[in-house]
Amino acid sequence: MVEVVGTAPTSAMVITKFVYRRSWKSNIINIKGIKTDSITFMKLTKEQLEEIKNQQSQTSKTKRVSAPNLEKILYEAFPALDHGFVRVVDYMGDDTSIVQSARVSYGKGTKQVSTDKGLIKYLMRHWHSTPFEMCEIKYHIKLPIFIARQWIRHRTANVNEYSARYSILDKEFYLPSLENLAAQSVNNRQGRGDVIEGEQAKEVLNLLKNDAERTYHNYENMLNQRYDGSAIDENKKGLARELARMNLTLNTYTQWYWKTDLLNLMNFLRLRADSHAQYEIRVYADIMLDTVKKWVPITYDAFMDYRVGGTEVSAKGKVIIQKLIKGENVDIDSSGLSKREWNELMIAFDLKDKLI
Ligand SMILES: Cc1cc2nc3c(=O)[nH]c(=O)nc-3n(C[C@H](O)[C@H](O)[C@H](O)COP(=O)(O)OP(=O)(O)OC[C@H]3O[C@@H](n4cnc5c(N)ncnc54)[C@H](O)[C@@H]3O)c2cc1C
């Protein structure tokens with residue numbers, strides 16, 4: 001452990017050296033292919049692997065509840081995009097904590113798994129929120145800055161980001177894989193269309209790579225320091241890190257610890273694991289969904305059922321569906337729905353022949 005100054009001038013905080021690692025290094029170990037469940041490990045330095053191993057080998061006795069399947073992957077770094085990752089570094093509570101708080105009981109909360117399941121489903125179905133706030137989870141995330149900007153809009157988490165005033169940012173940039181290099185969508189101003197291919201794809205990737213490398217090179221020059229901390233010119237002063245960083249591209253990776261409760265995590269996942277969310281944030285949300293499954297399996301099932309797999313229907317939409325069930329004719333003009341609402345409703349109920 002190292003003691004470092006946090007982002008607030010007065011706060012001294014303790015962070016593992018892992019946060020301050022430099023992964024653009026020759027001692028990267030390729031452990032690709034080793035799997036925990038369905039997820040492949042990312043490339044990490046020897047030092048980082050050692051730190052994770054140390055964390056994983058520690059055990060402490062506790063009287064609190066724990067989630068065995070989450071314990072198995074605690075501290076593990078699951079790869080996201082080309083250089084990012086998601087690690088669960090701490091958590092509090094499990095499914096029984098939700099039941100316990102809903103019943104305000106003295107004991108563990110469990111009567112029978114089937115009763116607990118029924119209660120959790122009921123809470124989820126009827127939007128009873130606070131029992132889900134009794135469980136908390138803390139992640140260590142490494143992500144490109146442009147994705148961090150979307151992520152930070154979720155205000156109900158506690159965040160501590162890697163300080164680029166204090167340390168030099170890693171020399172790592174997100175470059176989309178070819179299949180994710182899409183053109184601007186023509187019918188959705190916020191989305192992607194067809195994949196860009198061939199020479200144009202190569203050109204785009206080169207531009208992204210060259211610009212990121214050039215600005216990073218200039219960042220090092222301004223700092224008068226290389227990414228590994230070595231001085232470029234002993235006779236020169238370096239520009240302050242807090243200023244030099246402004247020249248970096250948005251695909252540069254940053255990191256943070258992100259702690260939230262289960263209710264707000266589900267809100268985050270509902271929005272960011274959804275097909276409307278940008279692919280790059282969805283990659284992270286999908287990994288986190290898997291951690292929720294390991295942590296609170298009953299809640300996960302209810303969440304997938306009512307929130308992710310379910311759909312919201314307006315009063316007008318409900319009338320349309322009721323008429324369809326009765327075999328009555330429906331049409332958009334008398335429905336009171338906009339074309340977009342109408343099509344969303346038809347897609348939700350897989351009525352593709354009714355799309356207009
Ligand atoms: C597909 C997609 C596209 C988006 N596009 C844009 C865009 O173009 N521009 C843009 O600016 N944003 C955009 N966003 C961000 C979006 O508008 C939300 O800001 C973001 O998703 C955070 O959601 P949230 O407020 O529910 O989350 P949180 O901040 O985590 O809040 C969780 C819940 O807590 C409550 N809450 C939190 N803070 C308050 C408060 N101050 N007052 C009252 N209730 C509060 C609300 O019930 C809220 O739903 C987009 C998001 C998605 C998923």
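Here is a short tour, one selection at a time.

Start by colouring everything by confidence, since this is a predicted model. The average pLDDT for the protein is 85, and 83% of the residues score at least 70. Now select residues 1-41: the pLDDT there is below 50, and this stretch has 62 contacts in the model beyond near neighbours in sequence.

Next, show the strands. Five of them form an open sheet, and if you go across it the order is S7-S8-S9-S13-S10, with antiparallel pairing. Which strands sit at the edges? Pick 78-80 for S7 and 158-161 for S10: each of these pairs on one side only.

Zoom in on S7 now, together with S8 (residues 84-92): the two run antiparallel and are joined by three bridges. Click on proline 79, and then on phenylalanine 85, its bridge partner in S8.

Another helix to pick is H9, residues 279-295. H9 lies across S7, S8 and S9, and runs at about 30 degrees to S8.

Last stop: the ligand. What surrounds the ligand? Select Arg153, His154, Arg155, Thr156, Asn264, Asn267, Leu271, His276 and Ala277. Colour this shell by class and you get two nonpolar, five polar and two charged residues.

Notes. Residues are numbered from 1 along each chain as its sequence is written. This is a predicted model: local features need pLDDT of at least 70, side-chain atom pairs count only at pLDDT 80 or more; totals for chains, interfaces and linings use all residues. A residue is near a molecule or strand if its C-beta atom, placed from the backbone, lies within 6 Å of it. Ala, Val, Leu, Ile, Met, Phe, Trp, Tyr, Cys and Pro count as nonpolar, Asp, Glu, Lys and Arg as charged, and the others, Gly among them, as polar. Two strands pair if DSSP finds at least two bridges between them. Helices (H or I, at least four residues) and strands (E, at least two) are DSSP runs, numbered from the N terminus. Two residues are in contact if their C-beta atoms, placed from the backbone, lie within 7 Å. Axes are lines fitted to C-alpha atoms, for helices over the stretch in contact, and angles run from 0 to 180 degrees between N-to-C directions. pLDDT is the predictor's confidence in each residue, from 0 to 100.
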